[in-house]
Amino acid sequence: MSTVVFLGGGRITSAMLAGLRLAKTRHRLVVHDRNPGKLRDLKKRYAVAAESDLNSAVKQADVLIVAVRPNSVREILRAIGNVDRPLVAVGLAAGVPLRVLSKLVGPPVQWARAMPSPLCRSGRGLTAVTFPRTLSRADRKRVHDLFAAFGQVVEIPESRFDAFTVIYSCSHGYHALATLARIGQAAGLDRNTALLASAHALADGIIAWRDGKDSLGTLLEEAVTPGGIASATVTQMDAAGYGRAVREGVAAGLRRARANAAK
Ligand SMILES: NC(=O)c1ccc[n+]([C@@H]2O[C@H](COP(=O)([O-])OP(=O)(O)OC[C@H]3O[C@@H](n4cnc5c(N)ncnc54)[C@H](OP(=O)(O)O)[C@@H]3O)[C@@H](O)[C@H]2O)c1
């Protein structure tokens, strides 16, 4: 058992704590945040130790998870005094690279990055991790195993981390669901039926593809009868710029990630 300390007790920390508790983690969990109300709430919901003092939180850590927003990373890391013992720290902040993190708090602290999503709350998450060459095999395994408690873990090079961050966001699904359901309502469905039909339309086929053996091409062919309604719908969506809208959205996300690195 080791002590995992979270700096920042917001959305992603809450989701990770839920996932870790669901997995019956044996780690001791500590959270530091500047909002006493958030600490009280997390303590009550997930039986974590709440630590209002930054440096005493860091002192307890075997693994340190930095889960503040990108524009707070510098402030919180500068407020940590010298760390005089080996410590593995994991940055979650979108776009903030290893070189920036290790400049703010250098050796003996060793950095990794991870990109989970709130889906870790359900134990069905996916997390990308990236490690510097200098991180030992034992420390890589430690970080990997922590995130594997609530879903699949993929290791990718840091050069691809921003692309993963932009593409792997459950907001894509929620956004598509909200859009399709809104248009379903405009087409005459009541709100509940529009949401139900849209959720099944978007989610069930994708889960069937993920869990099954059929290729995406085969499933698309099965679902879209030439000359039929689905064919007319998706053809018009493509002609209206569906692909362009997604491409431009992803490009905006990548620009934001690059801006986070420079903040
Ligand atoms: N949300 C996600 O789905 C997700 C997924 C993967 C990665 N991430 C990354 O995880 C990080 C956190 O995201 P989030 O959505 O969880 O943010 P959030 O809900 O805003 O939580 C951040 C928490 O950290 C606190 N905080 C900020 N600066 C602090 C400081 N100097 N000392 C103590 N506490 C401080 C904030 O307090 P205040 O509200 O008072 O500022 C807030 O309670 C971001 O960098 C994001 O890129 C998020």
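Colleague: In what order do the strands of the open sheet stand?

Modeller: This is a predicted model, in which local features need pLDDT of at least 70 and side-chain atom pairs count only at pLDDT 80 or more, while totals for chains, interfaces and linings use all residues. Residues are numbered from 1 along each chain as its sequence is written, and side-chain values use heavy atoms, with hydrogens and water left out. Helices (H or I, at least four residues) and strands (E, at least two) are DSSP runs numbered from the N terminus, and two strands pair if DSSP finds at least two bridges between them. The open sheet has 8 strands with mixed pairing, and their order is E3-E2-E1-E4-E5-E6-E7-E8.

Colleague: Which strands stand at the edges of the sheet, and why is one side of each left without a neighbour?

Modeller: In general, strands of a sheet pair through backbone hydrogen bonds, either parallel or antiparallel. An edge strand here has a single partner strand, so one side of it is left without a neighbour in the sheet, and this holds for E3 and strand E8 (151-155).

Colleague: How many bridges join strand E1 to E2?

Modeller: Strand E1 covers residues 3-7 and runs parallel to E2, and within this pairing Leu-7 stands opposite His-32 in E2. The two strands also make a right-handed β-α-β unit together with helix H1 (residues 11-22), where right-handed means that, with the strands pointing away from the viewer, the path from the first strand over the helix to the second runs clockwise. The number of bridges that join E1 to E2 is 5.

Colleague: Through which helix does the chain cross from E2 to E3?

Modeller: E2 and strand E3 (residues 49-50) pair in the parallel sense over 2 bridges, with Val-30 standing opposite Ala-49 in E3. The β-α-β crossover from E2 to E3 is right-handed, and the helix that the chain passes through, residues 36-46, is H2.

Colleague: Which residues of strand E4 are buried, on one side and on the other?

Modeller: Strand E4 (residues 63-66) runs parallel to E1, joined by 4 bridges, and the bridge partner of Val-4 in E4 is Val-63. Another 4 bridges join E4 to strand E5 (residues 87-91), also in parallel. Buried means under 20% relative accessible area, exposed over 50% and partly exposed in between, with a 1.4 Å probe and protein chains only. Both faces of E4 are covered, and the buried residues are Val-63 and Ile-65 on one side and Leu-64 and Val-66 on the other.

Colleague: How many residues of strand E2 are buried?

Modeller: Strand E2 spans residues 28-32 and is mostly covered. Of its 5 residues, the number buried is 4.

Colleague: With which residues is Ala-57 in contact, leaving aside its neighbours within four places in sequence?

Modeller: Ala-57 lies in helix H3 (residues 54-60), and Ala-57 is buried because its relative accessible area is 0%. Contact means heavy atoms within 4.5 Å. With neighbours within four places in sequence left aside, the residues in contact with Ala-57 are Val-5, His-32 and Glu-51.

Colleague: What share of the residues in the whole protein chain is buried?

Modeller: The protein chain holds 12 helices and 8 strands, and its C-alpha atoms fill a box of roughly 70 × 40 × 35 Å, taken along the principal axes. Of the 263 residues in the chain, the buried share is 39%.
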